[in-house]
Amino acid sequence: MKAVVYACLAEGLEEVECLAAADVMIRCGIQVKLVSMTGNKVVTGSHGIRLTADLLWEESEPDEADCIFLPGGMPGTKHLAAHEGLAQALRKAVSEDRRVAAICAAPSVLGGLGLLQGKKATCYPGFEESLIGAEYTHEGVVTDGLVTTARGLGYALDLGLEIAGLLVGRTVAAEVKAGIQYDQV
């Protein structure tokens, strides 16, 4: 059975953080579903790029996701933090030993839900205090238990590879990394 990742799209998301990580995961054989949190399948990112979601949150089944992924960006992160259904799904995912991931400003959503308590985490500079209960690390990508966080857009490929390594294996992720000519980190 294919691993499934839900990438949550909110108005004002950072487009490249979402799509770069999603692309890498798809190349690793993961089924990535772009899920609109807005009630509309077309979501506009922080740089005016329109993304078309695969499904609306209301149509989704978040329990099927092996990982729920939160792209950053502003005001996208604020919209994610305000979405009560997402908050419930994130808490439930962790309680059921499923993964959650966030990049840039979005780890603040996990911090606000108490999901970073006692964990190492990273985020975009300036959001460190929003990592409530976490030990901040300046690393590009950090996995601690079921939670993976990344610092920002420059680490989107690394985040995709990390999630893929956790879900489908490090060998697959390394093969994809070599195939896309990515020799960083």
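Let me begin with Cys104, which is buried, with a relative accessible area of 10%, and which sits in the loop between β7 (99–103) and α4 (107–112). Before I go on, please keep in mind that what we are looking at is a predicted model. As background, most residues other than glycine have a negative phi, and most peptide bonds are trans.

There is another residue of this kind towards the end of the chain, namely Gln181, whose phi is positive at about 60° although it is not a glycine. Gln181 belongs to the segment after α6 (170–179), and with a relative accessibility of 68% it counts as exposed, because the cut-off for that label is over 50%.

Staying with the backbone, I would point you to the peptide bond between Met74 and Pro75, which is cis, with omega at about 10°. Pro75 itself lies in the loop between β6 and α2.

That brings us to helix α2, which covers residues 76–81 and includes Thr77. Thr77 has a relative accessible area of 2%, and it is therefore classed as buried, the limit being under 20%. What does Thr77 touch, if we leave aside its neighbours within four places in sequence? The contacts are with Pro71, Gly72, Ala105, Ala106, Ser108 and Val109.

A further buried position is Ala65, in the loop between β5 (55–56) and β6 (67–70), where the relative accessibility is 1%. Once neighbours within four places in sequence are set aside, Ala65 is in contact with Val4, Tyr6 and Arg98. Arg50, by comparison, is 15 residues from Ala65 along the chain, and the C-alpha atoms of the two are separated by 24 Å.

Let me now turn to a pair of helices. Two packed helices are described by the angle between their axes and the distance between the axes. Here, helix α1 (residues 15–27) packs with helix α5 (residues 156–168) at an angle of about 40°, and their axes are 8 Å apart. At that angle α1 is oblique to α5, and α1 passes α5 in a right-handed crossing. On the α1 side, the residues that meet α5 are Val16, Glu17, Ala20, Ala21, Val24 and Met25, and their partners in α5 are Ala156, Leu157, Gly160, Leu161 and Ile163. How many of the residues in this contact are nonpolar, polar or charged? The contact of α1 with α5 divides into nine nonpolar residues, one polar and one charged.

Finally, the whole protein, which has six helices and eleven strands. Its C-alpha trace spans about 40 × 35 × 35 Å along the principal axes. For 185 residues a compact globule would have a radius of gyration near 16 Å, and the 15 Å of this protein agrees with that. Buried residues make up 52% of the 185 residues. As for how the chain meets itself, if we take the contacts with a separation of 6 or more, residues 24 or more positions apart account for 64% of them.

How values were computed: Residues numbered from 1 in each chain as written. Predicted model: local features only at pLDDT ≥ 70, side-chain atom pairs only at ≥ 80, totals over all residues. Heavy atoms only, no water. Helix = DSSP H or I, 4+ residues; strand = E, 2+ residues; numbered from the N terminus. Buried < 20%, exposed > 50% of the residue type's maximum accessible area, 1.4 Å probe, protein only. Contact = heavy atoms within 4.5 Å. Axes fitted to C-alpha atoms, helices over the stretch in contact; angles between N-to-C directions. Parallel < 35°, antiparallel > 145°, perpendicular 65-115°, else oblique. Left-handed = near helix turned anticlockwise from the far one by under 90°. Nonpolar A, V, L, I, M, F, W, Y, C, P; charged D, E, K, R; others polar. Rg over C-alpha atoms; globule rule 2.2 N^0.38 Å.
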